[in-house]
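Hi everyone, thanks for making time this morning.

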Amino acid sequence: MDCQITFEGELMLINLSGSVDNADFEELARRVREVEVTRPRTPHRLTDISLLTEIHLTFQSMSDRIHLRKNIVFPNEFKSAIFAPEPLHFGVARMFQAINNHHQIDIQVFRELDHARNWVASTES
């Protein structure tokens with residue numbers, strides 16, 4: 001998997017492409033956490049998974065990785081928008097959203113990039 005993490009102002013942009021598996025998901029979580037701990041505020045984020053060509057993630061691996069984050073106390077609440085236009089992308093993103101029930105993270109999944117950008121940029125949850 002190719003993973004690009006950049007910033008547009010204070011918004012963290014995560015762009016994923018290629019094939020993703022459980023090891024890639026763990027690496028992505030590690031890289032995102034590295035960014036989070038270096039900033040005074042946890043950044044809102046927009047993750048684009050539209051260029052993933054293959055998804056080989058298991059529910060158990062995703063759940064295990066997400067469970068490790070449940071005890072983290074972030075310095076602030078934040079939004080996480082996921083752009084997932086295709087049915088497979090959307091289904092995997094919704095599974096991620098359903099498993100992740102951290103009280104400081106508001107995750108929404110979008111089929112249209114403009115809607116994802118508008119939501120994550122708004123001040124309302």
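Before anything else, one term: when I say that two residues touch, or are in contact, I mean heavy atoms within 4.5 Å. And please keep in mind that this is a predicted model.

With that in hand, let's start at Phe83. This residue is found in strand E4, which covers residues 78-83. Is Phe83 buried or exposed? Its relative accessibility is 11%, and the cut-off for buried is under 20%, so Phe83 counts as buried.

Now for the helices. Two packed helices are described by the angle between their axes and the distance between the axes. Take helix H1, residues 22-37, and helix H2, residues 59-69: they pack at an angle of about 20 degrees, and their axes are 10 Å apart. Angles under 35 degrees count as roughly parallel, and therefore H1 and H2 are roughly parallel to each other. The crossing of H1 and H2 is right-handed. On the H1 side, the residues that meet H2 are Asn22, Phe25, Glu26, Ala29, Arg33 and Glu36. Their partners in H2 are Ser61, Met62, Arg65 and Arg69. Sorted by class, the residues of this contact of H1 with H2 are 5 charged, 3 nonpolar and 2 polar.

Next, H2 with helix H3, which is residues 87-99. Their axes come within 10 Å and cross at roughly 40 degrees. H2 and H3 are therefore oblique to each other. Here, too, H2 passes H3 in a right-handed crossing. H2 brings Phe59, Met62, Ser63 and Ile66 to the contact, while H3 brings Val92, Met95, Phe96 and Ile99. The classes for the contact of H2 with H3 are 7 nonpolar, 1 polar and no charged residues. Met62, by the way, is on both lists: it meets H1, and it is part of the contact with H3.

That brings me to the charges. How many salt bridges does the count come to? It comes to 8. Let me pick out a few. Arg30 pairs with Glu34, and the closest N and O atoms are 2.1 Å apart. Both residues lie in helix H1, 4 residues apart, about one turn of the helix. Arg30 is partly exposed at 38% relative accessibility, and Glu34 is partly exposed at 41%.

Glu36 is another one to zoom in on. Glu36 forms a salt bridge with Arg33, with closest N and O atoms 3.0 Å apart. These two are 3 residues apart in helix H1, so about one helical turn separates them. Glu36 also forms a salt bridge with Arg45, at 2.8 Å between the closest N and O atoms. Glu36 counts as buried, at 3% relative accessibility, and Arg45 is buried as well. Arg33, in turn, is partly exposed at 28%. Put together, Arg33, Glu36, Arg45 and Arg69 are linked in a network of salt bridges.

That's my tour, and I'm happy to take questions.

Definitions and conventions:
Residues are numbered from 1 along each chain as its sequence is written. This is a predicted model: local features need pLDDT of at least 70, side-chain atom pairs count only at pLDDT 80 or more; totals for chains, interfaces and linings use all residues. Side-chain values use heavy atoms; hydrogens and water are left out. Axes are lines fitted to C-alpha atoms, for helices over the stretch in contact, and angles run from 0 to 180 degrees between N-to-C directions. Angles under 35 degrees count as roughly parallel, over 145 as roughly antiparallel, 65 to 115 as roughly perpendicular and the rest as oblique. A crossing is left-handed if the near helix is turned anticlockwise from the far one by less than a right angle, and right-handed if clockwise. Ala, Val, Leu, Ile, Met, Phe, Trp, Tyr, Cys and Pro count as nonpolar, Asp, Glu, Lys and Arg as charged, and the others, Gly among them, as polar. A salt bridge is a side-chain nitrogen of Lys or Arg within 4 Å of a carboxyl oxygen of Asp or Glu. Buried means under 20% relative accessible area, exposed over 50%, partly exposed in between (1.4 Å probe, protein chains only).
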